[in-house]
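Keep the viewer open and follow along topic by topic.

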Amino acid sequence: MTVFIIRRLMQSALVLIIMSLLVFFGVFAIGDPVEIFVAADADQAERERAIKALGLDRPIWAQYGYFVVNALAGDLGRSFVFNIPSIELILQRMPATLELASCAVMLSVVIGIPLGMFAGYRPESRISKTIMATSIAGFSLPTFWVGLMLILVFAVELGWLPSTGRGQLGEFLGIRSSLFTLDGLAHLALPALNLALFNISLVIRLTRAGMRENMPMDYVKFARAKGLSQKRVVFVHVMKNIMIPVVTVIGLEIGQVIAFAVVTETIFAWPGMGKLIIDSINNLDRPVIVAYLLITVIMFIVINLVVDILYSVLDPRVRLADAGKS
Amino acid sequence: MRANYADALRRSVLTAFAAIWIAVGPSQAVDAQDLIVGVGGNVTSIDPHYHNLAPNNGVATHIFDRLVHQDEQQRLIPGLATEWRPIDDTTWEFKLRADVKFHDGAPFDAEDVLATLKRVPWVPNSPSSFAISTRSIVETTVVDPLTIRFRTAKPYPLLPNDLSIVNIVSRKAVEAPTGDFNQGRAAIGTGPFRFVEFAPGDRLVLQRNDAYWGGKAHWSKVTIRVITNASARTAALLAGDVHIIDQVQTADVPRLRASPQVALSKVTSNRLIYLALDQARDQTPFVTDKQGAVLPNNPLKNRKVRQALSRAINREAIVQRIFDGEAIPAGGLLPDGFFGASDKLKPDAFDQDAARKLLGEAGYPNGFAMTIHGPNDRYPEDEKVLQAIGPMFSRVGLDTRVVTSPWASYATQSSAPNYAFSVMLVGWGAGTGEVSSPLRSLLATVSREAGMGASNRGRYSNPQVDELLARALATVNDAARAKLLAGASEAAIADMGLIPLYYQVNLWAHRRTVQYTPRADEYTFALHVRPTN
């Protein structure tokens, strides 16, 4: 297990280096940030001053070398636009995204698994068919359209919920979050649902498939023959077995909803990281783009590692072996 | 017994909810004294000298004042200076307003102006500095606490215009870093509102400055919310979450007009959308014969070809079909009424026969082929406009292809030193509110030393325009300068240095409970939002 983890971490370091190179040179190829930052009526001398002030007057490889040296010391550079260290900027935005993402994932588990289990347990019932048909809609409708429709129906027409933005923050155990006020929760409801919709559908379908696959299996028959109650068979034995694909997918989805909630955050004007990255790309704010993607890669690496470890907990047959030995 | 427990439980849960509701409820209700503004531009800093960027300048105006203010048509009006005049060719004297206090109670005087002039060029890491507005000043003399004199190296009539975008900070903030402004410690101005809270990318909260010299604002609390997505902004307004939004997108106009709770306010903008034409190179990369080979002689250097292009464009159709009427066909550099705008310049009439005839006279009776370039995320409907212009050119015999790209890459490609394109769609907002701004940047011969033609993407050069502009920039008398500027723009347009397309119309939408005085410079000022009686 330890060897497995060490090997994984070394691979990750390589991924990080390649990623930073790609992003660094990619952003350089797109365009010159100074053309975007500088006031339109600035003259040539002012443009040159800005290029110098942002360190863009050096050749690109020198800029990269400078970046690597600083990054090893834990400094990923200052945002060109905000004049704030990019890590600090991302961490400022992180709580908003995390609360949105955690609510979305929670919704997909709380709604998706029971509905999926039901649909798999009683595949022929009318309710199951309705669930499955709806889940297709959840899959295929584009997020931005659903988001705008949610706003239109619940905020504009019915006026039940606020249309955009993050609500009031409450403080609980020293954490400031909009989860702790009613106003905050009201603001959170629509974007979280919008972000969760795809995942709910995914979890429903996975869970249903797992149910249908497992119910006719021998171990279920054996458990029934042993006289276990139907409840125990479904909620303990079958559930354990269908959880493996679901955990994998939820693990990946956590990463997805944290890193790429861009569309939802933009439509609902949610001040999270997704909105930051899209603004930064439009502004060619390279330090933020690089730092953001590095953090995202690290997050995915950690999540994958946790998922792998969870497998071995859920299914003792899975061994986290060193590839050389197996 | 059991029922009792359940009852007790139910009661306590209800009580808890009621308690939360009471605790949270009142703050939710929008107070009649509160104003919530939804803006489309992302505010990146509260430091008024860090980044010369429209959204930042817009919010800074709430907290800070300038020596000279601009009214809604960008005419200069007294701000922290009550009057200003040139006392000789190179010296300006400004009389400062008496009895003005900063938000922390400190009195304002010439020392604060000195501190501001010191801070402007100092701000570290500035991606776009305000030093371009203060560097004409070579010497500052404080005559008395309320009189200050600026000496310039050359006669410089635009100093009051330049100073109308420089926000005055307190002398205590002279060395305050940008972060101190964002956290509010240094965000102390003399403006109509005090800083309360800034959450980047989300909102800025302000409180009324009851001691404001220019009269109290109507709102005790103002929240400026950043909602960059135009549809979301419209939805927030329709849902009643905000009172007023700016940058209304054309597609939402019919819907907003139909809503009984909402009204629109509009004014002609200071922003001209135009086509820049490469007139410097003998061969320009995107003008070819119909087989795709680059033409040996750049036809865009021929005035008749440029005039033909202008005549081939149906400006009225663009305005009506793409903008639903919310734009103005343009024939000059700034709409009538702006300082130095020529009232003789009218939009070229759409006439395909005239265009074909001009092309024939220029030696291209069978036309040629070209690719025209533009951004797709910078100006309202920019891509659609270009897609409409392409076929208009094709109809007079110029096979035209349209290529658009995001501003992030287009801006670099289209300007110095790349100059990658031949025909380009660009926009220009005159920040100073007068015609020298587009003349200097777009039409003057490119010169690094003189600071001219920095955005002259076609590298147009006309000695007559340069000469008139130079004379205007050295003429302190307003009427004489306005005449010279009008003359320079007439010369440039007669020569088709660029092809004017249309002036944008700035649109605000607001609940009928409030009114707004729309501004040519696109800013949304909470001070100018009033409750409807």
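Two strands pair if DSSP finds at least two bridges between them. Helices (H or I, at least four residues) and strands (E, at least two) are DSSP runs, numbered from the N terminus. The model is predicted: local features need pLDDT of at least 70 and side-chain atom pairs count only at pLDDT 80 or more, while totals for chains, interfaces and linings use all residues. Residues are numbered from 1 along each chain as its sequence is written, and chains are lettered from A and ligands numbered from 1 in the order in which they are written.

**The sheet in chain B**

- Strand E4 (81–88) of chain B is an edge strand of an open sheet, and the 4 strands of this sheet follow the order E4-E5-E7-E6 with antiparallel pairing.
- The other edge strand is E6 of chain B; each of the two edge strands pairs on one side only.
- On average, neighbouring strands of the sheet are turned by 20° against each other, direction ignored; axes here are lines fitted to C-alpha atoms, for helices over the stretch in contact, and angles run from 0 to 180 degrees between N-to-C directions.
- E4(B) and strand E5 (residues 91–96) of chain B run antiparallel and are joined by 6 bridges, with B:Trp92 in E5(B) as the bridge partner of B:Pro86.
- Strand E6 (residues 137–144) of chain B also pairs in the antiparallel sense over 6 bridges, with strand E7 (residues 147–152) of chain B.
- E6(B) and E7(B) form a hairpin with 2 residues between them, and B:Asp144 stands opposite B:Thr147 in E7(B).
- How many of the 8 residues of E6(B) are buried? The count is 0, and the strand is hardly covered. A residue is buried if 20 or more other C-beta atoms lie within 10 Å of its own, exposed if 12 or fewer, and partly exposed in between, with C-beta atoms placed from the backbone.
- Helix H3 (residues 110–119) of chain B lies across E5, E6 and E7 of chain B and runs at about 165° to E6(B).

**Chain A at a glance**

- Chain A has 13 helices and 2 strands, and its C-alpha trace spans about 85 × 60 × 40 Å along its principal axes.
- Of the 326 residues in chain A, 37% are buried.
- Two residues are in contact if their C-beta atoms, placed from the backbone, lie within 7 Å. Among contacts in chain A between residues at least 6 apart in sequence, 69% join residues at least 24 apart.

**Helix H12 of chain A**

- The buried residues of H12(A) include A:Met273, A:Leu276 and A:Ile277, and also A:Lys275.
- These buried residues of H12(A) pack against H2, H5, H11 and helix H13 (286–314) of chain A.
- Just after H12(A), A:Leu284 takes a positive phi of about 55°.

**Domains**

- Domain bounds come from an automatic or database domain assignment, which divides chain A into domain 1 (2–72) and domain 2 (87–325).
- The centres of these two domains of chain A, taken over C-alpha atoms, are separated by 33 Å.
- In chain A, 17 residues of domain 1 are in contact with 14 residues of domain 2. H1(A) gives the largest share of the domain 1 side, 14 residues.
- For chain B, the assignment gives domain 1 (5–261 + 512–531) and domain 2 (270–504). Their centres, taken over C-alpha atoms, are 34 Å apart, and the contact takes 16 residues from domain 1 and 16 residues from domain 2.

**Where the chains meet**

- The contact between the chains takes 52 residues from chain A and 48 residues from chain B.
- H3(A) gives the largest share of the chain A side, 7 residues.
- By class, the chain A side has 27 nonpolar, 12 polar and 13 charged residues. Ala, Val, Leu, Ile, Met, Phe, Trp, Tyr, Cys and Pro count as nonpolar, Asp, Glu, Lys and Arg as charged, and the others, Gly among them, as polar.

**The largest nonpolar core**

- A nonpolar core is a set of buried Ala, Val, Leu, Ile, Met, Phe, Trp, Tyr and Cys residues joined through C-beta atoms within 7 Å.
- Which residues touch the most other members of the 219-residue core? They are A:Leu100, B:Leu275 and B:Ala488.
- H8(A) gives the largest share of this core, 14 residues.
- Not counting residues up to four places away in sequence, A:Leu100 touches several residues, among them A:Leu188, A:Leu195 and A:Trp270.
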